[in-house]
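Subject: Structure for your review

Dear colleague,

Please find below the structure that I am handing over to you. My notes on its strand pairing and its aromatic contacts follow.

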Amino acid sequence: MPYVVTRSCCADASCVLACPVNCIHPAPGEPGFGQTEMLYVDPRTCVDCGACTSACPVDALKPHTGLTPAELPFLELNRAYYDAHPHEDRTPMALVPAQRRTSAAELWVAVVGAGPAGLFAADELLRYPGVTVTVHDRLPTPYGLARAGVAPDHQDTKQVARLFRTVESQPGFSYRLNTEIGRDLHHEDLVRDHHAVIYAVGAATDRRLGIDGEDLPGSASATDFVAWYNGHPDHSATPYALDGERAVVIGNGNVALDVARVLTADPDTLARTDISDRALAALRTSRVREVVVLGRRGPAEAAFTLPELLALAALDGVDVLVQGWPADVPPDATPKIAVLAELAARTPVAGRRRIVLRFRTRPTRILGDDRVTGLTVETAGAVESIEASLVLRAIGYRARPVPGLPFDETTGTVPHERGRVRPGVYVAGWIKRGPQGFIGTNKSCAQETVSALLDDLEAGLLTAPTGGDPASGGHPEAVGLDGWRAIDEGERAAGRRQGRPRVKLVDREELLATARSASGRPPASS
């Protein structure tokens with residue numbers, strides 16, 4: 001009974017190291033690790049021990065007898081990987097790395113960004129005695145896109161928070177949340193008070209289309225829309241035009257599919273997730289019946305992953321269709337193409353909501369006077385208009401420049417060598433490598449950065465702090481670990497009362513008031 005990876009897993013390699021027969025690949029150090037859409041279990045060598053399921057932070061592994069009908073394609077997907085990548089030279093437990101040692105009596109490190117990249121960096125650092133890590137973030141809550149970017153119907157992926165809670169519990173760890181670098185603290189403060197600073201600030205903005213009408217009401221960033229339905233305090237009160245029957249999403253990556261699923265989902269199903277209550281109320285009254293997902297490139301070049309496409313194809317109660325299947329694409333060229341060809345052959349069911357995938361279609365203008373009424377697109381030289389009340393661009397994330405650091409405008413990253421900007425200043429995550437990879441990709445990325453930091457430490461290139469204890473003090477409204485735990489427990493307690501994972505607090509002041517309750521501090525106005 002082989003175990004099966006059943007979706008785009010976090011790929012943090014915990015299962016790889018837990019497997020006693022080394023049957024999960026690609027592994028750290030092997031070609032493709034961090035770039036593949038998921039990890040794969042070799043059914044020929046799996047011994048059915050279940051060690052991988054205990055190690056997986058997002059419950060992505062299942063025995064093949066426990067697969068749902070929608071998950072059955074993953075059995076073949078796992079097997080097929082080993083036809084192309086046999087890994088015949090495997091030896092059990094060959095990938096357990098030797099523990100590096102450091103002679104430092106103490107090492108103070110500031111990490112800017114409390115998302116997966118920042119927390120994996122903290123985890124790597126805290127493996128060494130004498131290390132103190134203070135993680136800063138401008139929001140009152142940590143976890144970055146794992147909290148505010150993963151779709152609410154992907155609760156299994158959000159279980160990576162259990163791993164982050166373990167990181168938070170390590171000696172030497174502290175938070176300074178609700179702290180914006182450049183406003184509440186400055187780069188110079190961090191450099192003064194620490195041996196080293198790691199920036200893991202991600203890519204907080206989106207790419208623009210550069211076409212007429214892009215700034216009309218009803219035209220928005222999918223990045224902001226995702227933040228809205230996930231209860232991000234900067235976006236939770238944003239209104240969206242859900243009063244028309246059609247929405248258009250421009251782009252065909254995983255974010256585009258997430259948005260399409262949420263717009264067409266049964267609100268009663270979403271009500272069992274951690275979706276923002278405000279977004280849920282708006283979706284309950286939504287008139288959207290069709291979401292058209294436009295891709296400039298062909299089906300073979302679509303940016304969404306095969307696991308996400310399989311999940312989309314298996315939706316219950318929603319028609320998923322492909323409009324205008326290109327005649328020059330062989331229907332069985334790749335597994336992804338085979339799924340898309342099957343969707344192209346489907347017959348829609350009357351009365352159902354639908355998601356329509358279109359390829360080789362370029363938006364040329366967004367239409368409307370005082371709000372969006374549609375857009376014009378070009379397909380194979382022919383121009384047509386599509387009526388829509390909502391247009392969301394999902395064509396990629398982009399990082400902002402970091403004050404005090406160099407910035408490459410072309411790549412949207414900070415120039416570095418193995419994460420080293422200069423001795424004492426480092427980067428990790430999307431600000432380092434661009435918006436690519438999965439949650440677990442940040443683990444190997446953080447390992448490389450921390451290794452560069454420790455190299456500089458051993459070479460005597462780090463400057464000793466000249467300020468006070470970096471884990472104490474801070475501005476009056478900074479949220480520490482106790483404050484975050486009060487928020488976390490309050491949200492989860494509210495969720496238990498409603499049969500949900502959590503009920504998110506979405507207003508910054510409400511979040512801060514809950515955090516203050518942990519320390520007994522009075523409200524800011526007192």
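Two strands are taken as paired if DSSP finds at least two bridges between them; strands (E, at least two residues) and helices (H or I, at least four) are DSSP runs numbered from the N terminus. This is a predicted model, in which local features need pLDDT of at least 70 and side-chain atom pairs count only at pLDDT 80 or more, while totals for chains, interfaces and linings use all residues. Residues are numbered from 1 along each chain as its sequence is written, and side-chain values use heavy atoms, with hydrogens and water left out.

An open sheet is formed by 3 strands in the order 15-16-17, with antiparallel pairing. Strand 15 (361–367) and strand 17 are the edge strands, each with a single partner, so one side of each has no neighbour in the sheet. Direction ignored, neighbouring strands here are turned by 25 degrees against each other on average, the axes being lines fitted to C-alpha atoms and angles running from 0 to 180 degrees between N-to-C directions.

Strand 15 and strand 16 run antiparallel and are joined by 6 bridges; Ile366 stands opposite Leu375 of strand 16. Strand 16 (residues 374–379) also pairs with strand 17 (residues 382–387), again in the antiparallel sense, over 6 bridges. In this pairing, Gly374 faces Glu387 in strand 17. Strands 16 and 17 make a hairpin with 2 residues between them, and Ala380 in the turn has a positive phi of about 50 degrees.

I turn now to the aromatic residues. The structure contains 11 aromatic pairs (ring centres of Phe, Tyr or Trp, the last by its six-membered ring, within 6.5 Å; planes under 30 degrees apart are stacked, over 60 edge-to-face, the rest tilted). The Tyr81 and Tyr82 rings have their centres 4.9 Å apart and their planes at 85 degrees, so this pair is edge-to-face. Tyr81 counts as buried at 11% relative accessibility, and Tyr82 counts as buried at 1% (buried is under 20% relative accessible area, exposed over 50%, partly exposed in between; 1.4 Å probe, protein chains only).

Trp228 and Tyr240 form a tilted pair, with 5.1 Å centre to centre and 55 degrees between the planes. Trp228 belongs to helix 9 (residues 222–229) and Tyr240 to the loop between helix 9 and strand 11 (246–250), so the pair ties together parts 12 residues apart in sequence. Trp228 and Tyr240 are both buried. Finally, Phe120, Tyr143, Phe164 and Trp484 make up one aromatic cluster.

Yours sincerely
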